[in-house]
Amino acid sequence: NAGTEADVYISVYGERGDTGSRQLLRSQKPKKFLKGQTDIFAVEAVHLGHLYKIVIGHNGLGSGNGWFLDKIVIKDPVTDLDYTFLCHRWLDQGQDDGNIARELTVTDARMFPGRQELELKREETWAAEKWKFQKGNTLQFYNRLTHGFICLSPDSRVDALGDKKNKYGKVFFMWMYA
């Protein structure tokens with residue numbers, strides 16, 4: 001459910017102005033905005049100079065309108081430069097922060113190769129894993145050396161000896177390798 005059937009709009013901003021809101025109508029693919037698919041659109045505009053941001057969003061209509069957008073790459077045919085705008089987030093009223101539009105700034109790959117993509121992956125991983133550290137959860141780490149569990153309790157107590165019989169724990173346990 002990472003694709004969308006909604007109408008998608010983009011505004012491109014450069015040092016000489018912006019395109020205004022443009023609907024992305026004709027992809028080079030028969031069906032646009034499918035999960036895992038790269039769509040290519042031609043957007044006609046005056047030359048905007050160096051690009052610095054875009055606003056991308058959809059109208060929220062249609063079944064399955066939520067959309068997970070990885071990134072947008074704009075190729076400037078005048079300068080032959082590629083501008084990358086990393087998103088790696090949902091545009092969905094029922095996911096993430098509920099926004100169906102995002103303002104994205106250009107990624108300068110020459111200065112920070114891969115840095116922003118790594119940061120987005122780190123944020124995504126934390127979003128998926130932070131429930132383990134919520135108040136009231138007990139973490140158990142299995143120690144292969146002692147064949148016991150190290151328990152971290154919600155009140156900050158640590159049971160380093162662990163209970164060798166409690167193999168399932170209260171909430172969650174992680175495997176630690178010695």
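Trainee: By class, what residues are in the lining of the largest pocket?
Mentor: This is a predicted model, so keep that in mind. The lining has 23 nonpolar, 6 polar and 6 charged residues.

Trainee: How much space lies in that largest pocket?
Mentor: About 1,100 Å³.

Trainee: And which residues lie nearest its centre?
Mentor: Asp 39, Phe 41, Ile 72, Val 73 and Ile 74. They belong to a lining of 35 residues.

Trainee: Which elements give two or more residues to that lining?
Mentor: Strands E1 (8-14), E4 (51-58) and E5 (67-75). E5 gives the most, with 9 residues.

Trainee: OK, stay on E5. How many bridges join E5 to E6?
Mentor: There are 8, and the two strands run antiparallel. E6 covers residues 82-91. Look at Phe 68 too: Trp 90 in E6 stands opposite Phe 68.

Trainee: What do E5 and E6 form?
Mentor: A hairpin, with 6 residues between the strands. Check Asp 80 in the turn: its phi is positive, about 65°.

Trainee: New topic. Where does Gly 60 lie?
Mentor: In the loop between E4 and E5.

Trainee: Is Gly 60 buried or exposed?
Mentor: Buried, because its relative accessible area is 16% and the cut-off for buried is under 20%.

Trainee: Leaving aside neighbours within four places in sequence, what is Gly 60 in contact with?
Mentor: Ala 6, Asn 65 and Ile 100.

Trainee: And how far apart in space are Gly 60 and Asn 99?
Mentor: 9.9 Å, C-alpha to C-alpha. In sequence they are 39 residues apart.

Note on methods. Residues are numbered from 1 along each chain as its sequence is written. This is a predicted model: local features need pLDDT of at least 70, side-chain atom pairs count only at pLDDT 80 or more; totals for chains, interfaces and linings use all residues. Side-chain values use heavy atoms; hydrogens and water are left out. On a 1 Å grid over the protein atoms alone, a cavity is a set of points where a 1.4 Å probe fits but cannot get out, and a pocket is an open set with protein on both sides within 12 Å along at least five of seven lines; lining residues have an atom within 4 Å of a point. Grid points are joined across faces, edges and corners, and a volume is the space filled by probe spheres set on the points. Helices (H or I, at least four residues) and strands (E, at least two) are DSSP runs, numbered from the N terminus. Ala, Val, Leu, Ile, Met, Phe, Trp, Tyr, Cys and Pro count as nonpolar, Asp, Glu, Lys and Arg as charged, and the others, Gly among them, as polar. Two strands pair if DSSP finds at least two bridges between them. Buried means under 20% relative accessible area, exposed over 50%, partly exposed in between (1.4 Å probe, protein chains only). Contact means heavy atoms within 4.5 Å.
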